[in-house]
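Take a moment to bring up the view, and we will start at the ligand.

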Amino acid sequence: MTTTVPRQAGETEPTRLSGLATRDLSAWFGAHKVLERVSLEMAAGQVTALIGPSGCGKSTYLRTLNRMHEMVRGAQLGGEVLLNGEDVYAHGRRPAEVRRRIGMVFQRPNPFPAMSIADNVASGLKLAGIKVGRDHREHLIEDSLRRAGLWNEVSNRLGTPGGALSGGQQQRLCIARSLAVEPEVLLMDEPCSALDPTSTRRVEETIAELRGRLTIVIVTHNMQQAQRISQSCAFFLASHDTPGRIVEAGPTEQLFSAPVDQRTADYVNGRFG
Ligand SMILES: Nc1ncnc2c1ncn2[C@@H]1O[C@H](COP(=O)(O)OP(=O)(O)OP(=O)(O)O)[C@@H](O)[C@H]1O
């Protein structure tokens with residue numbers, strides 16, 4: 001479902017909110033099947049956390065959502081990924097357009113280190129082939145940095161290199177770069193795993209501020225983080241001879257306080273994985 005939400009003070013255009021869903025999604029690397037018929041609804045404007053032991057297919061699942069999985073040689077996919085009800089793998093759909101609407105932030109901050117902070121943000125536009133006038137470019141840079149929670153820290157040094165920022169600031173710069181192209185969904189693959197606790201808190205605050213105006217899907221190994229930032233949660237599990245599946249999904253509070261499946265209870269309570 002798509003809804004339109006007004007922006008905050010100083011912002012001009014409304015943001016489109018789109019939900020994401022998969023139906024019977026399976027994925028392979030060559031002959032190795034790593035995901036088996038995964039169906040999940042990721043509600044518009046909410047944060048959905050994907051949890052589960054290492055190797056159960058969380059990152060692969062995330063990468064199927066914006067068509068990054070197909071960039072791996074030999075990778076295959078079955079089932080559907082629906083953005084606002086429309087299959088992102090439909091015939092004729094351009095992967096670049098899908099990736100503009102569904103952005104991604106990676107485990108390690110990856111700004112262009114020698115490029116200025118402002119140009120790093122604007123590089124998202126260039127990569128997506130979006131041309132904007134000078135005034136609008138400056139507005140978008142400020143707006144994206146504000147939304148990423150970084151503006152106050154960098155507004156007086158936009159011309160300095162992105163590589164000179166701290167790790168946490170670099171990650172928020174990468175978030176700003178993703179936001180510049182106005183995605184409807186932001187995928188985050190363990191975005192805090194390379195950060196110290198203070199920087200982690202700042203990124204979590206940014207995620208909390210983005211919620212409601214963007215749909216977020218985040219992979220995390222940190223159970224406290226999943227509880228702090230997500231409204232919905234999906235627990236993935238695989239074994240040596242069975243591909244990753246969702247054992248249980250639902251409201252985060254319920255998954256942590258009253259899980260239905262014993263395996264979920266064991267995992268969220270740190271008894272395995
Ligand atoms: N590029 C690739 N080529 C071949 N196999 C891969 C590739 N990427 C992942 N895999 C395999 O797919 C399975 C799922 O990996 P994936 O990285 O999605 O799991 P994960 O749950 O995200 O793990 P982690 O929590 O450790 O990041 C694993 O068996 C992994 O070895």
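This is a predicted model: local features need pLDDT of at least 70, side-chain atom pairs count only at pLDDT 80 or more; totals for chains, interfaces and linings use all residues.

## Around the ligand

Sorted by class, the residues forming the shell around the ligand are four nonpolar, six polar and one charged. The shell consists of Phe29, Val34, Gly52, Ser54, Gly55, Cys56, Gly57, Lys58, Ser59, Thr60 and Val72. Helix H1, spanning residues 58-65, supplies three residues, the largest share of that shell.

## The annotated domain

In UniProt, an unreviewed entry carries the annotation "domain: ABC transporter" for residues 20-268. Over that stretch the chain is 37% helix and 28% strand.

Leu20 belongs to strand S3, which covers residues 20-29. Is Leu20 buried or exposed? Leu20 is buried, because 25 other C-beta atoms lie within 10 Å. Setting aside residues up to four places away in sequence, Leu20 touches Met42, Leu65, Leu82, Leu83, Val185, Thr215 and Val217. His221 is 201 residues from Leu20 along the chain, and the C-alpha atoms of the two are separated by 22 Å.

## A hairpin and two positive phi values

Strands S3 and S4 pair in the antiparallel sense through seven bridges, and Thr22 sits opposite Leu40 of S4. The two strands make a hairpin with two residues between them. In the turn, Gly30 has a positive phi of about 60 degrees.

Most residues other than glycine have a negative phi, which makes the next two residues worth a look. Arg37, found in strand S4, has a positive phi near 45 degrees. Arg37 counts as partly exposed because it has 14 C-beta neighbours inside 10 Å. Asn84 is not a glycine either, and its phi is positive at about 50 degrees. Asn84 lies in the loop between strand S6 (75-83) and strand S7 (86-87). With 19 other C-beta atoms within 10 Å, Asn84 is partly exposed, since a residue counts as buried at 20 or more.

## Gly45 in its loop

Follow S4 onward and you come to Gly45, in the loop between strand S4 (32-42) and strand S5 (47-51). Why does Gly45 count as buried? Gly45 has 20 C-beta neighbours inside 10 Å, and 20 or more is what the buried class requires.

Leaving out neighbours within four places in sequence, the contacts of Gly45 are Leu17, Arg211, Gly212, Arg213 and Thr215. Arg16 is 29 residues away from Gly45 along the chain, with 9.7 Å between their C-alpha atoms.

In soluble globular proteins, nonpolar side chains tend to be buried together. Here the largest nonpolar core has 63 residues, and those with the most contacts inside it are Leu50, Ala176, Leu187, Ile216, Val217 and Phe235. Strand S11 (residues 232-239) gives the most to this core, contributing six residues. Beyond residues up to four places away in sequence, Leu187 touches Leu62, Leu65, Asn66, Ile102, Gly103, Met104 and Val217.

Several of those names lead us to strand S8 (residues 102-105). In a regular strand the side chains alternate between the two faces of the sheet. In S8 both faces are covered, with Ile102 and Met104 buried on one side and Gly103 and Val105 buried on the other. S8 runs parallel to strand S9 (residues 185-189), to which four bridges join it. Within S9, Met188 is the bridge partner of Val105.

Technical notes. Residues are numbered from 1 along each chain as its sequence is written. A residue is near a molecule or strand if its C-beta atom, placed from the backbone, lies within 6 Å of it. Ala, Val, Leu, Ile, Met, Phe, Trp, Tyr, Cys and Pro count as nonpolar, Asp, Glu, Lys and Arg as charged, and the others, Gly among them, as polar. A residue is buried if 20 or more other C-beta atoms lie within 10 Å of its own, exposed if 12 or fewer, and partly exposed in between; C-beta atoms are placed from the backbone. Two residues are in contact if their C-beta atoms, placed from the backbone, lie within 7 Å. UniProt positions are given in the numbering used here, feature names are shortened, and annotations may be inferred rather than shown by experiment. A nonpolar core is a set of buried Ala, Val, Leu, Ile, Met, Phe, Trp, Tyr and Cys residues joined through C-beta atoms within 7 Å. Two strands pair if DSSP finds at least two bridges between them.
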